[in-house]
Amino acid sequence: MLKGRHLIDIMDFSVEEMNEIFELAHEIILRREQFSHVCEGKLLATLFYEPSTRTRLSFESAMIRLGGKVIGFSDAGSSSVSKGESIADTIRVVGCYADIIAMRHPKEGAPKVASMYSPVPVINAGDGGHQHPTQTLADLLTIKSIKGTLSNLKIGCCGDLKFGRTVHSLIKAMSRYEGNSFVLISPKELKIPDYTRKEMDNKNIDYSETDNLEDIISSLDILYMTRVQKERFFNEEDYIRLRDSYILDKGKISRARKDMIVLHPLPRVNEISYEIDSDPRACYFKQVKYGMYVRMALMMKLLGIQ
Ligand code: CP
């Protein structure tokens, strides 16, 4: 039963609950008109303390396409946060207006704190370098729709695995399905955090680490590219040195299987060359669309709408 629950970490939901969301998202894709009024009278608040294009607009378009309405801010400086209001007070107040809240924050754990004070469901729309569970739902729906399965896949995660929160959530989620393995491709400075590696070791997750994309691309079912997260670097020199560590171009993708798919949570900077966009394996814009449908399904479930 998902009604009234928060989504802070992808592990908050069981595999069965995630599958329920994917089934509803497929229903919505097939019969969109039937869902265009189901959230009439419902109000979503989007509280974005950090920049976003996809996540905020996909939440907002999802609610509007379900017949509901949206309030919120995309610049915390224009809210009373700038006067020093705490997250707890902001959430208690917004919970008096809205039926459901999506929150992005630069500090790890901020949406968790919000959920502790909120009278309505809180959805983590990305917290610092920590987790991004709704991107993961979008990623899994994309994989399931295109590959036809969420099991027995070899997934290469490439780029900034230290700060890239989407990868942390993706590994957690995909490792719950049978037979999946991971190749973690990054420069040594941007390897996955030790706490993530420890979790992977404790759960006996099948993974290997390398800094060489060309050597392993031919073995992958999925290549999940990520941007080097400029905003999380303390030192601009390090960012400039590392930002172009991996650039997927025609030469590199020519080594990949014909049925490999390329995903990216976006925004992209340099890491996927524009010449790849027309390759049938490039699925990152499909992934954007699945992101809206999965957020429609998620909000319906958390609001208890049948
Ligand atoms: N994928 C993602 O989180 O994109 P935005 O930062 O634009 O929301």
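Colleague: What makes you say that domain 1 and domain 2 are in contact?

Modeller: Contact means heavy atoms within 4.5 Å, and 29 residues of domain 1 meet that with 28 residues of domain 2. Keep in mind that this is a predicted model, where local features need pLDDT of at least 70 and side-chain atom pairs count only at pLDDT 80 or more, while totals for chains, interfaces and linings use all residues. Residues are numbered from 1 along each chain as its sequence is written, and side-chain values use heavy atoms, with hydrogens and water left out.

Colleague: Where do the domain bounds come from?

Modeller: From an automatic or database domain assignment. Domain 1 covers 10-130 + 291-303 and domain 2 covers 133-288. Their C-alpha centres lie 25 Å apart.

Colleague: Why is the pair of Tyr49 and Phe73 called edge-to-face?

Modeller: Rings of Phe, Tyr and Trp (its six-membered ring) pair if their centres lie within 6.5 Å; planes under 30 degrees apart are stacked, over 60 edge-to-face and the rest tilted. Here the centres are 5.3 Å apart and the planes stand at 85°, so edge-to-face it is. The structure holds 2 aromatic pairs, this being one of them.

Colleague: Which parts does the pair tie together?

Modeller: Tyr49 sits in the loop between β1 (43-48) and α2 (54-65), and Phe73 in strand β2 (residues 69-73), so parts 24 residues apart in sequence are tied together. Helices (H or I, at least four residues) and strands (E, at least two) are DSSP runs, numbered from the N terminus.

Colleague: Is Tyr49 buried or exposed?

Modeller: Buried means under 20% relative accessible area, exposed over 50%, and partly exposed in between (1.4 Å probe, protein chains only). Tyr49 comes out at 14%, so it is buried. Phe73 is at 14% too, and therefore counts as buried.

Colleague: How do you know that the charged end of Arg268 sits over the ring of Tyr274?

Modeller: The rule asks for NZ of Lys or CZ of Arg within 6 Å of the ring centre and within 35 degrees of the ring normal. Arg268 has its charged end 3.9 Å from the centre of the Tyr274 ring. Arg295 does likewise over Phe59, at 5.2 Å from the ring centre.

Colleague: What makes β2 and β4 edge strands?

Modeller: Two strands pair if DSSP finds at least two bridges between them. The open sheet runs β2-β1-β3-β4 with parallel pairing, and β2 and β4 (122-127) each pair on one side only.

Colleague: What makes you call β6 mostly covered?

Modeller: In strand β6 (residues 181-185), 5 of its 5 residues are buried. Ser181, Val183 and Ile185 are on one side, Phe182 and Leu184 on the other.
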